[in-house]
Amino acid sequence: MSASGLNSIEKKAAFSLASVFGLRMLGLFMILPVFAIYGEQLIGYSPIWIGLAIGAYGLTQALLQIPMGILSDKFGRKPVILAGLVMFLLGSVVAAMSDTIYGVVLGRALQGMGAIASAILALAADLSREEQRPKVMATIGMFIGVSFTVAMIIGPIVAQAFGLSGLFWFIAILTIFAMLTIQFVVPNSINTAPKGDNVALPSKLGSLVRDGQLSRLNGGVFILHMALTACFVTLPKQFVASGLALEQHWQLYLPTLLGSFFLMVPFMIIAIKKQKEKQMFSVAVALLTLALLLLWYLPSSMTTLVVSVMMFFTAFNYLEATMPSILSRIAPAGVKGSVMGIYSSSQFLGAFAGGILGGFIAGKFGEQTIFLVMALFGLIWLLLTLGMKPLKKSKAYSFATNIVSDEKAQEVAQKLSEMPGVIEAIIMRDEAVAYLKVDEKVVDLPSIKILLNN
């Protein structure tokens, strides 16, 4: 079994879990490009209810994200994931059978109650070795990005062919495929990865919420997803007004989303090769804000829409891809699961807030004002980025240890901290694990293992 690449179980786990995550996110995202138009046909329509329907999943996701991860630690990963998918399926069926906006909102809230992200990531951690875990997580992250792109393209096509009800039935079918994949394709976990690496620890949440650097990223992802859902309260209507029928919207999404992926490459090259990560992060937030200002200020012609949307998604894709990486590097050793739980909850709360705020603004001040308000939030985020500390290159590791006393744990942690390349070392005696953040170019991992084993 080679340590240099993924073994057969890790490959199977990576692609099957990524597929489940992708199918579920596809189901959540497919409504975005069509609901602003089709929602007008539902009984009880109003802009605020449109916003609620678009963002309702975010509230229940945010509330249940951390508890579902903790439950998976107690009752097992697969049972909790399957229970979440059943809830997601129920929500899809409720929305499909509803002819009122209220029923769709209820269905979307039920979909959000299937908050399985943390349980899936925990299972991925259980099924992978420490040194290969980043590759497995990166595969899942890649599928999330792909699912968003696919949703933007096929959402209008499915809705045009089968209507809004058919769209939700299609999502229900995708959910059944995800359930079958979990039951029959995803490997069963025998080992359990260190708890602090993948599941939120309730005792740590308060101090992590108050952390200045972490809160900047949590606030940032809140604003990012608030802007996304708020804009889709009106964007599809803007495309129709500029002469593009709904069934042709994929012709706009496909080139703009693909173009945005190519345009974000220079951002990444400058950030990594020239070690300008903080600066490029601020530039991306500024580009996002500028795109929102252009959508507000310029007339809604097809040219300005294409340019502005491409700018928006270039910034969005770059920020969405880099923020989890930055978060894992600045997270204190041993609490990555808690840090990611707070981050995910902030992301989904932002989606909920965007739907509510977008619908409220559209009803009170006109849909065009949504872009201005979101641009002002972008400016606030830009100011927050100025206080970010320079990012250090680091990687997190966890090692099993058999240390039996607190005194010995403190002594070994001190020795580890003094070793070259070790940025932070924490030993959790009750978990029998040592958490380390290291500089890979300098650190001597074999010496660390010898010290822990002795």
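Which residues form one aromatic cluster?

**View 1. An aromatic cluster in a predicted model.** Phe-29, Phe-148, Phe-312, Phe-313 and Phe-316 form this one aromatic cluster. The structure shown here, as in every view below, is a predicted model. The mean pLDDT of the protein is 86, and 96% of the residues reach 70 or more. Among the elements of the protein, the lowest mean pLDDT, 64, belongs to helix 8 (residues 195–198), while the highest, 96, belongs to helix 16 (residues 369–385).

**View 2. The aromatic pair of Trp-49 and Tyr-102.** A search of the whole structure finds 15 aromatic pairs. In the pair shown, the ring centres of Trp-49 and Tyr-102 are 4.8 Å apart and the ring planes stand at 85°, so the pair is edge-to-face. Because Trp-49 lies in helix 3 (residues 47–75) and Tyr-102 in helix 5 (residues 101–113), the pair ties together parts that are 53 residues apart in sequence. Trp-49 counts as partly exposed, with a relative accessibility of 28%, and Tyr-102 is also partly exposed, with a relative accessible area of 42%.

**View 3. The salt-bridge network around Lys-237.** The count of salt bridges in the structure comes to 4. One of them joins Lys-237 to Glu-40, with the closest N and O atoms 3.0 Å apart. Since Lys-237 lies in helix 11 (residues 235–241) and Glu-40 in the loop between helix 2 (35–38) and helix 3, this pair ties together parts that are 197 residues apart in sequence. Lys-237 also forms a salt bridge with Glu-367, where the closest N and O atoms are 2.8 Å apart. Glu-367 lies in the loop between helix 15 and helix 16, so its pair with Lys-237 in helix 11 ties together parts that are 130 residues apart in sequence.

**View 4. A salt bridge between Asp-126 and Arg-77.** The side chains of Asp-126 and Arg-77 meet at a distance of 2.8 Å, N to O. Asp-126 lies in helix 6 (residues 117–126) and Arg-77 in helix 4 (residues 77–96), so the pair ties together parts that are 49 residues apart in sequence. Asp-126 is buried, with a relative accessible area of 8%, and Arg-77 counts as buried at 5%.

**View 5. Strand 3 and the strands that pair with it.** Strand 3 (residues 433–438) is mostly covered, for 6 of its 6 residues are buried. Val-433, Tyr-435 and Lys-437 are buried on one side of strand 3, and Ala-434, Leu-436 and Val-438 are buried on the other, which leaves both faces covered. Strand 1 (residues 395–400) pairs with strand 3 in the antiparallel sense over 6 bridges, and the partner of Phe-399 in strand 3 is Ala-434. Strand 2 (residues 422–428) also runs antiparallel to strand 3 and is joined to it by 6 bridges; here the partner of Val-422 in strand 3 is Val-438.

**View 6. A nonpolar patch on the surface.** The patch is formed by Ile-173, Ile-176, Phe-177, Leu-180, Phe-184 and Val-185, which together have about 590 Å² of accessible area. Ile-173 is found in helix 7 (residues 133–184) and, with a relative accessibility of 46%, counts as partly exposed.

Notes
Residues are numbered from 1 along each chain as its sequence is written. This is a predicted model: local features need pLDDT of at least 70, side-chain atom pairs count only at pLDDT 80 or more; totals for chains, interfaces and linings use all residues. Side-chain values use heavy atoms; hydrogens and water are left out. pLDDT is the predictor's confidence in each residue, from 0 to 100. Helices (H or I, at least four residues) and strands (E, at least two) are DSSP runs, numbered from the N terminus. Patches are made of residues with over 30% relative accessible area and no salt bridge: like charges are joined within 9 Å, nonpolar side chains (Val, Leu, Ile, Met, Phe, Trp, Tyr) within 5 Å. Accessible areas come from the Shrake-Rupley method with a 1.4 Å probe; for residues, only the protein chains shown count as cover. Buried means under 20% relative accessible area, exposed over 50%, partly exposed in between (1.4 Å probe, protein chains only). Rings of Phe, Tyr and Trp (its six-membered ring) pair if their centres lie within 6.5 Å; planes under 30 degrees apart count as stacked, over 60 as edge-to-face and the rest as tilted. Two strands pair if DSSP finds at least two bridges between them.
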